[in-house]
Amino acid sequence: MRWTMEDLDLLDEKEIHQLEKRVDRLMSVWQIQNLRGNAAVFHDDQHIGEQRRELNALNYPGVDAEGILEFRRKPVVDSLEGNMLIHPLTTPVVEVDESNTKARGVWWSLGIEGLSISREIPTAIISVGMVPGAHVKVDGEWKILWGAWQRTAKNEYHAGWVESMIPTNTRPPLTPEQDRQGFGRYAYQKDRVRKAVPLPPESDTWNNFPDEWDQNWMTKAHL
Amino acid sequence: MVERKRKENLLAALNRLEAWHEIQNEMGRITAAFNFKQKDVVENHFALNLEDVSLEYADEGRFEGPEAVKAALDQLMGEPAKPGEMIDLQLTTPMIEVADDGQTAKCVWWCPGIGASVDDKGAHALWIWGQIAVDFIYLNEKWKIWHLHYFRLINCAYEKGWVEDLSRINRVNKAMHPQSLPSTYHNPYSPLSIRDGIPCAPRPYKTYTEKDRYWELSRDKR
């Protein structure tokens, strides 16, 4: 279906204004989905340090740009080959604020990985999680303000997610306790009741939590 | 009084949003038809009236032109399904850019999937994951596939997984289809492969030109 100018000529100024606002916010949902897809592509790519367009809002007040860049440059494996981080994005819930400058989103993901730290035969990994985060419009373009991977399961393929939990790969390696305080904070544990985190953003999320840095929306459905 | 330019911008945005929605539905229908092995339905989604319509499938080569595309689909889906056979690809991670002129769109989906193959020992469960890059073109008020490229990521026995079973990541050594042209890219996961962000995410663009062909293979991430 294509809209025509005749369709728009039937609308008065107020209706045009309302339609413009709605269209702009829907365009933002689309652009944010593209942005997060692009981030998934970059996450899988193994060429750390390579020049690439910036997806994060590095110049936004409060962003630790140097910390982000330093984290990105750190090699955590010796070998390029055999490593893979495929985290497909599903189940999107995206809410854009009235000003069309801030947006929250949560995606779920059922993914696969290959991990070879020191050129050993890779480990096949099932990687399940969520991607919660906030986004801001900077110079007309949507950028990631914060939010990355939240693990549900990261298990050796044959062992399954009940018996196996592989910690986030860092140098030096994390202890299981350290891992549970970080990316593994909400990960599956067979002796625990699952916590409902992150909740998807509600349609009134920006009324209830107007600060883009506020993360309480992920744990509280309503104030 | 709303100025003309403002209305033109709104009109363009509305039509691009409609395109975004229609293309996702179209790709969903094509994927369902592919999974159900409905060759004629899949074929009807291609812009077969265009000389440069194309299909590239993993390492089976590139098929250029209407007759070659039909031949490729016949190779992929021409045989009736055997009991126990299955392919079940799913579309996730949509990255869609509709041209400013609204006539074309560049798209990528990541496709987790499962399948089953059959031999004289019975049916065998498979993981079948890949990515799809597509150029859509708007013809006669319908979005049609202009160029489609399926990238294989893994294709392995379920019980072994993608590290142990590499037997299906490359085609067997039998003659290529006579209408195939050399593949542009084939880099499935293996313990020795290196991931390099291909297909890349499409970037906003005004109108599709000759230089846009194979945009999905760009390694330049700037």
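**Entry 1: chain B overall.** I began with the elements of chain B and counted four helices and eight strands. I note that this is a predicted model. Reading along the sequence, I wrote down the order α-α-β-β-α-β-β-β-β-β-β-α.

I then looked at dimensions. The C-alpha trace of chain B spans about 75 × 35 × 30 Å along its principal axes. I checked the radius of gyration against the rule for a compact globule. For 222 residues the rule gives a value near 17 Å; chain B has 19 Å, which agrees.

Next came burial and contacts. Of the 222 residues in chain B, 36% are buried. I also took the contacts in chain B between residues at least 6 apart in sequence. Of these, 59% join residues at least 24 apart.

**Entry 2: helix H3 of chain B.**

Which residues of H3(B) are buried? I found B:Ala68, B:Val69, B:Ala72 and B:Met77. Looking down the axis of H3(B), I see the buried residues within an arc of 145°, so they line one face of the helix. I then asked what they pack against. The partners of these buried residues are helix H2 (39-44), strand E1 (54-57) and strand E2 (62-64), all of chain B.

**Entry 3: the nonpolar core.** The largest nonpolar core holds 79 residues. Those that touch the most other members are B:Cys107, B:Trp109, B:Val134 and B:Trp162. Strand E7 of chain B (residues 122-139) gives the largest share of this core, nine residues. As background, nonpolar side chains tend to be buried together in soluble globular proteins.

I followed up B:Val134. I left aside its neighbours within four places in sequence. B:Val134 is then in contact with B:Met27, B:Cys107, B:Ile145, B:His147 and B:Leu148.

**Entry 4: chain A against chain B.** How many residues of chain A are in contact with chain B? I get 46, and they meet 34 residues of chain B. On the chain A side, the elements giving two or more residues are helix H1 (5-9), helix H2 (13-44), strand E1 (84-86) and strand E3 (102-115). H2(A) gives the most, with 16 residues. By class, I logged this side of chain A as 24 nonpolar, 13 polar and nine charged residues.

How values were computed:
Residues numbered from 1 in each chain as written. Chains lettered and ligands numbered in written order. Predicted model: local features only at pLDDT ≥ 70, side-chain atom pairs only at ≥ 80, totals over all residues. Core = buried A, V, L, I, M, F, W, Y, C linked by C-beta atoms within 7 Å. Buried ≥ 20, exposed ≤ 12 C-beta atoms within 10 Å, placed from the backbone. Contact = placed C-beta atoms within 7 Å. Nonpolar A, V, L, I, M, F, W, Y, C, P; charged D, E, K, R; others polar. Arc of directions from axis to C-beta. Rg over C-alpha atoms; globule rule 2.2 N^0.38 Å.
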